[in-house]
Amino acid sequence: MWGLIKLVFLFLLATVCHWCLATVCSVWGLSVNVMLAFAVAFCTVLKLAFGYPAAFLCGLFLDFFGTKLFGNNAFTFTVAACIVYALAERFDFDGIFPQIFTVFGLTFFAGALNSLLLMWFTSASMWPGFWSLLGGSALGAVLAPAVFWTVRRVLGKGAVCRQA
């Protein structure tokens, strides 16, 4: 039960961080996605049974407050969780470089997949722009080690976490 309370706390922290950074970075035209960085961090720490729902709920949160196709972020974050769990055997997510590389790649992938889903289902396009997406991906990648550290520090080694 304590692990679930910690997870809810981290989710609320992720929403506040995402909202603040998305607001501040929109002035410079960056499409930052801190919520994805938290979802990736959740998947590297949590067991499958908790990581997939956490990633899905992070995406669903963005869908509730977005104006685009409903469900596209939830789907994209779930696909990202699948990729993270597939990479877990090959990457050591305790290192900073795999954290930065994964968050950068998945943020760019998520932006492209969201645009593709919009094009398929609504016959419309909403591309944030290459430089906006690249800058947001880079900023998310730079923040990734802090996000991973926070998630590992708060969750610790509980029943919901993977054993090393």
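Residues are numbered from 1 along each chain as its sequence is written, and side-chain values use heavy atoms, without hydrogens and water. In this predicted model, local features need pLDDT of at least 70 and side-chain atom pairs count only at pLDDT 80 or more, while totals for chains, interfaces and linings use all residues.

Helix H5 covers residues 96-122, and helix H6 covers residues 130-155. Helices here are DSSP runs (H or I, at least four residues), numbered from the N terminus. H5 and H6 pack at an angle of about 145°, with their axes 8 Å apart. Axes are lines fitted to C-alpha atoms over the stretch in contact, and angles run from 0 to 180 degrees between N-to-C directions. Residues that make the contact (heavy atoms within 4.5 Å) include Ile 96, Val 103 and Phe 108 of H5, and Phe 130, Ala 141 and Phe 148 of H6. By class, the contact of H5 with H6 has 14 nonpolar, 5 polar and no charged residues. In this scheme Ala, Val, Leu, Ile, Met, Phe, Trp, Tyr, Cys and Pro are nonpolar, Asp, Glu, Lys and Arg are charged, and the others, Gly among them, are polar.

H5 has 27 residues. From first C-alpha to last, H5 reaches 38 Å, close to the 39 Å expected at 1.5 Å a residue. The expected span is 1.5 Å times one less than the number of residues. Ser 123 follows H5 and has a positive phi, near 55°.

The largest nonpolar core has 35 residues. Such a core is a set of buried Ala, Val, Leu, Ile, Met, Phe, Trp, Tyr and Cys residues joined through side-chain atoms within 4.5 Å. Phe 42 and Val 151 have the most contacts inside this core. H1 (2-26), H2 (34-45), H3 (48-65), H4 (72-87), H5 and H6 each supply at least two of its residues. H2 gives the most, with 11 residues. Not counting residues up to four places away in sequence, Val 151 touches Leu 10, Phe 38, Ala 41, Phe 42, Val 45 and Gly 156.

Gly 51 lies in H3 and is buried, at 0% relative accessibility. Phe 75 lies in H4 and is partly exposed, with a relative accessible area of 43%. Buried means under 20% relative accessible area, exposed over 50%, and partly exposed in between (1.4 Å probe, protein chains only). Beyond residues up to four places away in sequence, Gly 51 touches Cys 43, Leu 46 and Tyr 85.
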